Amino acid sequence: RYLLMDCDQAPRARGVETTGWFGNVFVMPHRTIGTATEPVIYQGQDRIAACGESGTADEWREHIGRLCAGNSRLILSVCAALAASILPFSGIGESGGFHLFGASSQGKTTSLCVASSVNGLPASTMQTWRNTGNAIEGTAAKHHHRLLCLDEIREAVEREIGVIVMMLSGGAGKLRMKDTAVLRERLTWMLLWLSTGEHRLTHYMEAAGLKPDPGMEVRQLDIPADAGAGNGLFENLHEHEDARAFSENLRTACNQYHGAVGIAWLEHVAQHLDEIRRDLPGQVASMALKLMPADSESQVKRAGRRLALRAVAGEYATRGGLPGWA
């Protein structure tokens, strides 16, 4: 009787089962960022996005962001984490990945640690390519509107790599039946991913006797890890004596300072969301034109737009004083 008589007058909240943008708010397991007409509360089962915060955004800038300056692959990695959260407003309309490839001990995993530290503790946020089949669908859905970091592509089953790339970029899992012969709800996502490995995507597919589809190379862009400065992935070691010391210092810092700068970024985006929704597609298109010839083929344009989104996200963050570089 109490519920029937009084619940219509009670304050209401909206429960959601997925993380990411819901209207004007970004939903996380442990908090919601932004303002809405009613409280929005996460009621799903996943807690992977609640990977903790340690230190402040200022400390992340001083100990990690500052050291990324002058290092193209590190800036690219951080901008991937930033861009993933504005991907749904970019007009691109599809998920996509980047693959840093090169010999071991060049700093590839360090770049993943740096990217992961934007959103949380690297040990909790980083994944490996060992996730295959059903597991990759669940992993992708948990990273909706976030960056998915996948280390060591060689740990995947070679014949499954192409399927995983296509599935990640497609943004939806397979249709499956419940025990009651009713279709299960299909897992969906929109994300960016950052991958590492010793070889290009095509190498692993050819090793499995498969012919790579050119579209796969567009969905996961191969980027050489070696920056050509004689220090592996790094061009600027700042005050460190060698690349090894620089890498070790970065990874230690990522374990100590993480998560807070990602929250600051989402708060910045939420505060300027109307402006971003209005301007971002045009800014990405304009930046893409600067990155490639006007007569580029459609696949090159797709790749250029994804790189352009990273660049624009980095400029947004820089204007907000977030990353620690000019």
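Predicted model: local features only at pLDDT ≥ 70, side-chain atom pairs only at ≥ 80, totals over all residues.
Residues are numbered from 1 along each chain as its sequence is written, and side-chain values use heavy atoms, with hydrogens and water left out.

Threonine 202 sits in helix α8, residues 201–207 (helices are DSSP runs of H or I, at least four residues, and strands are runs of E, at least two, numbered from the N terminus). Threonine 202 counts as buried because its relative accessible area is 15%, and buried means under 20% (1.4 Å probe, protein chains only).

Next, pick Ile86, Leu147, Trp265 and Leu280: they have the most contacts inside the largest nonpolar core, which has 69 residues. Such a core is a set of buried Ala, Val, Leu, Ile, Met, Phe, Trp, Tyr and Cys residues joined through side-chain atoms within 4.5 Å. Helix α3 (72–84) gives the most to this core, nine residues. Apart from it lies another core of 20 residues, including Leu201 and Met205.

Now show α12, residues 273–291. Look for a kink of about 45 degrees at aspartate 279, shortly before proline 281; the bend is the angle between axes fitted to the seven residues ending there and the seven starting there. Leu280 is one of the buried residues of α12, whose cover includes β2, α11 and α13.

Terms used:
Buried < 20%, exposed > 50% of the residue type's maximum accessible area, 1.4 Å probe, protein only. Expected span 1.5 Å × (residues − 1). Contact = heavy atoms within 4.5 Å.
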